[in-house]
Amino acid sequence: MTKKPTSSVNSMTAFARVQGDNSLGTYAWELRSVNHRYLETQFKLPDKLKVLEPLLRERMRSALARGKVECNLYFKANESEQAFIVNQDKIAALLLAAEQLNEKKSNIAPLSSYEILQWPGVLQAAELNIEAITESLLASFNEALSKLAEARITEGGRMADVIYEKLDQVDSLTNQIKLNMPQILAEHQQRIEEKLAQLSVDIDHDRLAQEIVMLAQKVDVAEELDRLVAHTAEVRDTLVKNEPCGRRLDFLMQELNREANTLGSKSIATDSSQGAINLKVLIEQMREQVQNIE
């Protein structure tokens with residue numbers, strides 16, 4: 001088994017949560033990411049904090065290359081810090097309506113202060129001082145984004161380990177098929193000669209030799225085996241590049257699968273057919289991992 005080098009693979013699947021508080025309230029950032037062809041970001045922010053979205057989006061684009069990322073901000077204002085504004089126009093309209101009603105019926109009790117404040121629209125929450133909490137919110141968002149990136153790196157390392165293991169198995173199978181090919185051809189030639197002998201006909205040995213050579217050329221899989229080895233080597237090289245590599249790896253999985261298919265179509269023995277099937281299984285297992293790589 002080959003030594004596994006340190007990979008730089010990032011997964012697109014991860015989760016991060018950061019909580020915090022300030023003088024105005026408590027908050028929590030939640031970031032979730034899953035696989036996606038490109039970078040797609042979705043933000044769910046309180047209405048009064050949506051002004052932060054362009055800046056958050058830009059920071060996320062600087063940190064991530066691919067994936068569908070959902071960002072949620074939960075904010076709860078401190079009741080002790082909550083300020084209220086009395087809508088004087090609403091009160092004036094309410095008192096005027098009450099006065100007009102008293103003119104018609106003098107026995108109606110006057111409105112109390114509590115009743116006036118309970119009237120819809122009279123008591124309003126003061127606008128949230130965004131500037132006072134922006135610094136702490138952005139700092140905690142950066143922390144959540146960093147944790148998300150770390151989680152993607154950690155998960156990416158696990159995925160790379162699985163791929164390295166499958167690559168070793170692909171190389172081992174490829175080498176075994178290559179070693180078995182001379183014996184497979186010899187056994188196939190022997191079966192042809194035995195069938196001809198059973199027919200009790202004269203055999204043109206020169207013509208038979210020519211047919212065997214033509215058969216060997218038709219079922220020759222040396223090029224496919226060499227390309228399989230070359231592709232697995234390129235996969236290993238790609239895994240250690242310090243850049244997003246998911247799309248490149250996906251292309252290489254397609255190329256590996258193409259060679260395995262050709263290998264199966266040229267097979268003339270059970271061993272080589274089973275070897276091609278096993279190769280396709282391993283390639284599919286790698287492809288499943290690659291689908292989540294950034």
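Thr174 is found in helix H4 (residues 130–198); helices (H or I, at least four residues) and strands (E, at least two) are DSSP runs, numbered from the N terminus. The model is predicted: local features need pLDDT of at least 70, side-chain atom pairs count only at pLDDT 80 or more, and totals for chains, interfaces and linings use all residues. Residues are numbered from 1 along each chain as its sequence is written, and side-chain values use heavy atoms, with hydrogens and water left out.

Thr174 is buried, at a relative accessible area of 2% (buried is under 20%, exposed over 50%, partly exposed in between; 1.4 Å probe, protein chains only). Neighbours within four places in sequence aside, Thr174 contacts Leu225, Leu228, Val229 and Leu279 (contact: heavy atoms within 4.5 Å).

Four strands form an open sheet of mixed pairing, in the order S1-S2-S4-S3. Strand S1 (14–22) and S3 are the edge strands, each pairing on one side only (two strands pair if DSSP finds at least two bridges between them). From one strand to the next, the twist averages 15°. Strands S2 (residues 25–34) and S4 (residues 67–77) run antiparallel and are joined by ten bridges. Val34 stands opposite Lys68 in S4. Helix H1 (residues 53–63) lies across S2, S3 and S4, at about 145° to S3. Axes are lines fitted to C-alpha atoms, for helices over the stretch in contact; angles run from 0 to 180 degrees between N-to-C directions.

The chain averages a pLDDT of 84, and 80% of the residues score at least 70 (pLDDT is the predictor's confidence in each residue, from 0 to 100). Confidence is highest in strand S3 (residues 39–44), at a mean of 96, and lowest in strand S6 (residues 123–125), at 61. Where pLDDT is low, the predicted coordinates should not be read in detail.
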